[in-house]
Amino acid sequence: MKKLIIFAMAASMLLAVGCKGKKAAEPKSEIQQKVDEYAEFSLTSDLVETLSANEKELVKIFIEISQVMDEIYWDQYFGYENRAALDTLSDPAVRAFANIQYGAWDRLDSEKPFVPGYGERPLGANFYPVDMTEEEYAALDDPLKESQYSVIRRDAEGKLYVLPYHEAYKEELAKVDALLEKAIGLAENAGLKKYLEARREAFRTDDYFESDMVWMDMKDSKLDFVVGPIENYDDALHGLKCSQEAYVLIKDEQWSNDLTKFAAMLPEMQKLLPCDEKYKKEVPGTDCDINVYDVVYYGGDCNAGSKTIAINLPNDERVQLAKGSRRLQLKNAMKAKFDNIMVPIANLMVCPEQVDSVTFNAFFGNTCYHEVAHGLGIKQTVTGKGACRVALGAQYSAWEEAKADVCGLFLTEQLIERGLITNTTVNQNYITFIAGILRSVRFGATEAHGVANIMCYNFFKEHGAFTRDENGKYVINVEKAREAAREWASIIIAMEGEGDAAAAKAYSEKNGKVSPELQADLDAIRDANIPRDIVYNQGAKVLGL
């Protein structure tokens, strides 16, 4: 016993001396705290082991192409010269956060600048000259200026001119062309080979219609490669220019087979939408699929800031009306966000009686049918203003995301009640959906998904979909949430169908703001050190290739 006491005393003395001589840990800087809000996740997949030797080589080539897309995206969003300047920054935390954001603006905090020397993010990113005026743009006589696949530049005399992507990124796309040639030679699946050939031609011409149509027919390939200029979120000036990105995907055939039966139900789902009949006369294509994948690489736009966990493509309305669209659920990325973000938020914010109703199956279902709902509703305005996307302009992305959120929730409810979805309940889906809003509003009020979720949160709150218990935790009233979902869906679809950009802007500016009460919740989530999103450790070496 004495030996134990002496040992304990000696240990205490050593500890005291050590503590006395050791400086207290310095508090983390604000920017380091922002870096730490992104939980690191290694992007791997057991499905790699099921691939043939050729398929494994294809994955490596696709990753190389994705890295080129990443380079181009840096220029489109931030500019090559600006990116080079980041390497001269002395603060490693600022450099790290800039690499996560692909620039100087925090995408999950209203795009506030965080790099010294940078002001507000240019609305047109680097697709247009920063100093370009609307008068100059209007006077530019070139039909390609409104192409989704062109940039506007100034010549030596300061005059505006248009460069199509295949010319603006000629050197980078030459690398892509050579890599695609190798990939085509390795591809064993006929559908994948045909798609790669068509996409190769698209990169040469900036005409992506045919390759999108071919991609729609690529139903039985174990590998998928979503690559090219796709989303127009970064162009907040005209809502036109598409950003380069890439996903390398491996199909989970078991999970995919469980979803294929729903593809033929899209016309029936369209009829169920809770809106005026005039907004649902279009018949969505049924030649589409809903499949589940593990994503093994992100490049470009989809890797910037918050990470995409599901895909609904193509965006081309002509393809959607002819063949529908494909819905790709990224299961491993979804699970990473659910485990690292959703579960901690639910434990902190949802009342004890309902927290167990926040489930991965419900989260998966809500995300899955969000993508299905992108293909529903209306694509052409009823007011003769043309496509909804064009009529609403820069307002379209947020409203379209809002439509997909609430209509996806409504459709999931319908399928559960018809006994077609059996691994979750209506209650679980609504409770998980509302808990999920607290995750998604953290995307910020300048990102389309963030604005959509803020509008939804405010609408649901006004309609009594949730209240607070004595501890300030959320209590979800599922019946009122169901009623609110129907009314909110009706408003959104009508807004798109009318194509009134001014009305859409006025509504989102009034109702797309974070209230002090919601901000307090977000502060509590932040103070609990719950990650905002994921940052990937990815690449061929991570996959063991």
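Mentor: Let us start with a polar contact, which is a pair of N or O atoms within 3.5 Å; within protein, one must be able to donate a hydrogen and the other to accept it, and residues adjacent in sequence count only if both atoms are side-chain atoms. Here, a polar atom of the Gln-538 side chain lies 2.8 Å from the backbone nitrogen of Tyr-298. This is a predicted model, in which local features need pLDDT of at least 70 and side-chain atom pairs count only at pLDDT 80 or more, while totals for chains, interfaces and linings use all residues. Residues are numbered from 1 along each chain as its sequence is written, and side-chain values use heavy atoms, with hydrogens and water left out.

Trainee: Where does Gln-538 lie, and is Gln-538 buried or exposed?

Mentor: Buried means under 20% relative accessible area, exposed over 50%, and partly exposed in between, with a 1.4 Å probe and protein chains only. Gln-538 lies in the segment after β13, and its relative accessible area of 18% makes it buried. Helices (H or I, at least four residues) and strands (E, at least two) are DSSP runs, numbered from the N terminus.

Trainee: Which residues is Gln-538 in contact with?

Mentor: Contact means heavy atoms within 4.5 Å. Neighbours within four places in sequence aside, Gln-538 is in contact with Leu-43, Val-296, Tyr-297, Tyr-298 and Asn-303.

Trainee: How should I read a charged residue such as Glu-245?

Mentor: Begin with its place, which is in strand β7 (residues 243-251). Glu-245 counts as buried because its relative accessibility is 2%. A polar atom of its side chain lies 3.1 Å from the backbone nitrogen of Cys-302. Beyond four places in sequence, the contacts of Glu-245 include Met-69, Glu-231, Gly-300, Asp-301 and Cys-302. Between Glu-245 and Glu-231 there are 8.5 Å, C-alpha to C-alpha, at 14 residues apart in sequence.

Trainee: What is meant by a nonpolar core?

Mentor: In soluble globular proteins, nonpolar side chains tend to be buried together. A nonpolar core is a set of buried Ala, Val, Leu, Ile, Met, Phe, Trp, Tyr and Cys residues joined through side-chain atoms within 4.5 Å. In this model the largest such core has 175 residues, and Leu-196, Phe-460 and Trp-488 have the most contacts inside it. Leu-196 touches Phe-62, Leu-180, Ala-183, Ile-184, Ala-187 and Phe-225, residues up to four places away in sequence not being counted.

Trainee: How are two packed helices described?

Mentor: They are described by the angle between their axes and the distance between the axes. Axes are lines fitted to C-alpha atoms, for helices over the stretch in contact, and angles run from 0 to 180 degrees between N-to-C directions. Helix α14 (residues 331-349) packs against helix α18 (residues 426-440) at an angle of about 105°, and the axes are 9 Å apart. Angles under 35 degrees count as roughly parallel, over 145 as roughly antiparallel, 65 to 115 as roughly perpendicular and the rest as oblique. Therefore α14 and α18 are roughly perpendicular to each other.

Trainee: Which residues make the contact?

Mentor: From α14 come Lys-337, Ile-341, Met-342, Ile-345 and Met-349, and from α18 come Thr-432, Ala-435, Gly-436, Leu-438 and Arg-439. By class, these residues are six nonpolar, two polar and two charged. Ala, Val, Leu, Ile, Met, Phe, Trp, Tyr, Cys and Pro count as nonpolar, Asp, Glu, Lys and Arg as charged, and the others, Gly among them, as polar.

Trainee: Which residues other than glycine have a positive phi?

Mentor: Among them are Glu-111, with phi near 55°, and Asn-529, with phi near 60°. Glu-111 lies in the loop between β2 (105-106) and β3 (112-113) and is buried at 16% relative accessible area. Asn-529 is in the loop between α22 (516-527) and β13 (533-537) and is exposed at 68%.
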